[in-house]
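Subject: Handing over the two-chain model

Hello,

Here is the structure I promised to pass on to you. Have a look at it first, and then read on for what I found in it.

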Amino acid sequence: MSKPISRRDFLKGAGALAAAGALPISMVELAFADPARNFTFAYISDAHIQHIQGSKFVRNWDRGLIRAVAETNLLDPKPDFVVFGGDLAQLGSKPELDHGAEIMSALRYKTYYVMGEHDYYLDLGEYWSKLFGRHYYSFDHKGVHFVVLNSILTYDDWTFRRWPTAEQRMLEMAGLDNPNGSPFMVGDKQREWLKQDLAKVSTGTPLVVLSHSPLQKIYKGWNFWTEDAEQIQALLKPFKKVTVIYGHVHQIQYNQIGNISFHAVMATAWPWPYPSTYAQAEQYLPKLTVPMNRADPFFERDATGWQFINLATGNADIQYNLYNNAVRTVAFNTRTGQPEDRAYQAADKRIPPQSHY
Amino acid sequence: MNDNIKKLTPAALAAVLVAFAPPLPADEFTKEDLVRWEGEYLTVVKKGRELFTDAKLGTNGVVCAQCHPNAANTHPETYPKFQKQLGRVAQMAEMVNWCIRNPLEGKDLAADDPRMTALLAYMTHERRGVKLEPGKH
């Protein structure tokens with residue numbers, strides 16, 4: 001593509017698209033006693049804006065984020081807010097964060113930001129804070145308590161003493177399969193803050209935790225891992241309805257551990273393989289998960305997309321709006337008490353794009 | 001001539017045989033050879049891993065390992081296979097070049113380029129032990 005498409009051009013075309021029903025927007029309708037309490041929010045994550053030099057950025061990842069922002073803007077009814085799930089930049093540089101923030105600024109809604117490791121390890125989130133605010137915080141919305149964690153911290157030794165330069169530290173953390181990496185964690189200080197924060201919330205209040213790392217232990221080799229996962233889960237245990245939404249993994253994953261539903265969101269940039277496809281290692285993928293559809297790696301936006309989350313019942317129902325693949329909806333089944341894919345959960349309902357890994 | 005041969009003593013005959021004896025037969029090799037050859041292979045695998053994370057393979061800073069941690073989802077055990085998008089049965093090296101040209105915005109490697117060999121060696125090494133399923137999508 002020789003010149004980037006302008007917003008005006010996109011919207012001109014989008015009118016026709018919407019009419020043709022090509023925009024994959026469909027609300028998950030759920031019966032709920034008080035319709036005024038229904039709300040939805042959109043989730044865009046893992047943009048990995050990557051700087052080449054000067055004013056050039058990797059076009060592929062730019063397009064993924066631009067498309068997510070444009071489609072989210074066209075949502076009707078409007079979501080209450082948007083969450084950005086982390087890894088806006090690829091190497092945490094000022095040009096990348098600026099370029100990502102510029103693309104995100106086209107969103108017409110209030111946006112909450114979650115820290116990702118690719119944002120953090122160059123300057124420990126200093127410039128990110130100037131753009132987006134605190135690294136961890138909480139807020140309430142229509143009776144739901146939201147907590148945003150910085151869950152990509154690691155051992156002090158690795159962060160402060162291991163590497164000669166900040167650039168080197170960022171590069172080492174940037175490699176997913178880098179044996180010199182270090183496991184993610186929330187850490188003592190933030191867990192203490194979380195304990196105090198949750199003490200003010202009644203156990204009947206629905207709780208949504210927004211995190212970059214999974215708050216579970218899935219596969220350590222690729223840092224699909226949170227070192228203090230059990231301790232965090234223990235803090236969440238007293239609450240009746242808890243949803244954890246995490247980025248980082250660039251694939252569909254979902255799970256239920258006790259009272260906590262876990263949902264991964266997709267990346268706008270690129271998809272990642274499931275850990276089970278690495279033949280040389282042992283890992284654990286939530287058994288519930290129906291893998292994402294991988295139709296056509298030759299299509300630039302294959303297995304990428306953004307999410308639309310309905311919190312009507314206090315549990316999250318997530319619609320994955322994928323550009324090149326069937327829309328996936330993972331909703332909380334109140335009968336079984338766990339999330340399930342609306343179309344594909346049963347083994348006999350799977351289609352080849354989900355099983356050809 | 002027969003007289004000459006008849007005149008060779010056993011010692012002389014033995015000497016002649018030794019002088020003209022062939023070296024060890026060509027297809028015999030030792031444990032040391034095996035170690036050395038495997039070492040050569042692992043060196044190339046290591047080179048392949050370096051290229052897998054080398055931004056100079058393309059022109060935009062993107063590296064293979066970004067989308068393929070530990071070369072996962074490259075599926076060397078399924079090649080050659082029908083690649084829908086190429087419209088024909090293709091070899092893994094062609095897919096490697098597709099990736100270099102497209103997401104990495106770089107130039108094709110020749111099939112016998114040592115860098116291609118190294119990349120293929122690394123990817124296959126990370127997939128060792130998995131049974132062959134050529135043609136599987």
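This is a predicted model: local features need pLDDT of at least 70, side-chain atom pairs count only at pLDDT 80 or more; totals for chains, interfaces and linings use all residues.

Between which two strands of chain A is the place of Asn223(A)? Asn223(A) sits in the loop between strand S9 (217-219) and strand S10 (224-225) of chain A.

Residues are numbered from 1 along each chain as its sequence is written, and chains are lettered from A and ligands numbered from 1 in the order in which they are written. Helices (H or I, at least four residues) and strands (E, at least two) are DSSP runs, numbered from the N terminus.

Chain B contains six helices and two strands. Starting at the N terminus, its elements follow the order α-α-α-α-β-β-α-α. Of its 137 residues, 27% count as buried. Buried means that 20 or more other C-beta atoms lie within 10 Å of a residue's own, exposed means 12 or fewer, and partly exposed is in between, with C-beta atoms placed from the backbone.

Two residues are in contact if their C-beta atoms, placed from the backbone, lie within 7 Å. Among the contacts in chain B with a separation of 6 or more, 62% are between residues 24 or more positions apart. Between the chains, 18 residues of chain B are in contact with 17 residues of chain A. That side of chain B is made up of seven nonpolar, nine polar and two charged residues. Here Ala, Val, Leu, Ile, Met, Phe, Trp, Tyr, Cys and Pro count as nonpolar, Asp, Glu, Lys and Arg as charged, and the others, Gly among them, as polar.

**The largest nonpolar core**

A nonpolar core is a set of buried Ala, Val, Leu, Ile, Met, Phe, Trp, Tyr and Cys residues joined through C-beta atoms within 7 Å. The largest one has 114 residues, and those that touch the most other members are Tyr43(A), Val209(A), Leu210(A) and Leu119(B). Helix H6 (residues 114-126) of chain B gives the most to this core, namely seven residues. Leaving aside neighbours within four places in sequence, Leu119(B) is in contact with Gly48(B), Leu51(B), Phe52(B) and Val96(B).

**A sheet and a helix in chain A**

Seven strands of chain A form an open sheet with mixed pairing, in the order S5-S4-S1-S14-S15-S16-S17. Strand S5 (111-113) and strand S17 (338-341) are its edge strands, each pairing on one side only; two strands pair if DSSP finds at least two bridges between them. Inside the sheet, strand S1 (residues 40-44) and strand S4 (residues 81-84) of chain A run parallel and are joined by four bridges. Ala42(A) stands opposite Val82(A) in S4(A).

In helix H7 (residues 166-174) of chain A, the buried residues are Arg169(A), Met170(A), Met173(A) and Ala174(A). They lie on the same side of H7(A), because they cover an arc of only 135° around the axis; the arc is that of the directions from the helix axis to the C-beta atoms. Helix H4 (117-120) of chain A is included in what covers them.

**Backbone details to look at**

Most residues other than glycine have a negative phi, and most peptide bonds are trans. The following places depart from that.

- Asn223(A), from the opening question, has a positive phi near 55° and is not a glycine. Asn223(A) counts as buried, with 26 C-beta neighbours inside 10 Å.
- Lys142(A) also is not a glycine, and its phi is positive, about 45°. Lys142(A) lies in the loop between strand S6 (137-141) and strand S7 (144-148) of chain A, and it is exposed, with 12 other C-beta atoms within 10 Å.
- Asp76(A) and Pro77(A) are joined by a cis peptide bond with omega about 0°. Pro77(A) is in the loop between helix H2 (59-73) and S4 of chain A.
- In chain B, the peptide bond from Tyr79(B) to Pro80(B) is cis, with omega near -5°. Pro80(B) is in the loop between helix H4 (64-67) and strand S1 (81-83) of chain B.

Enjoy exploring it!

Best wishes
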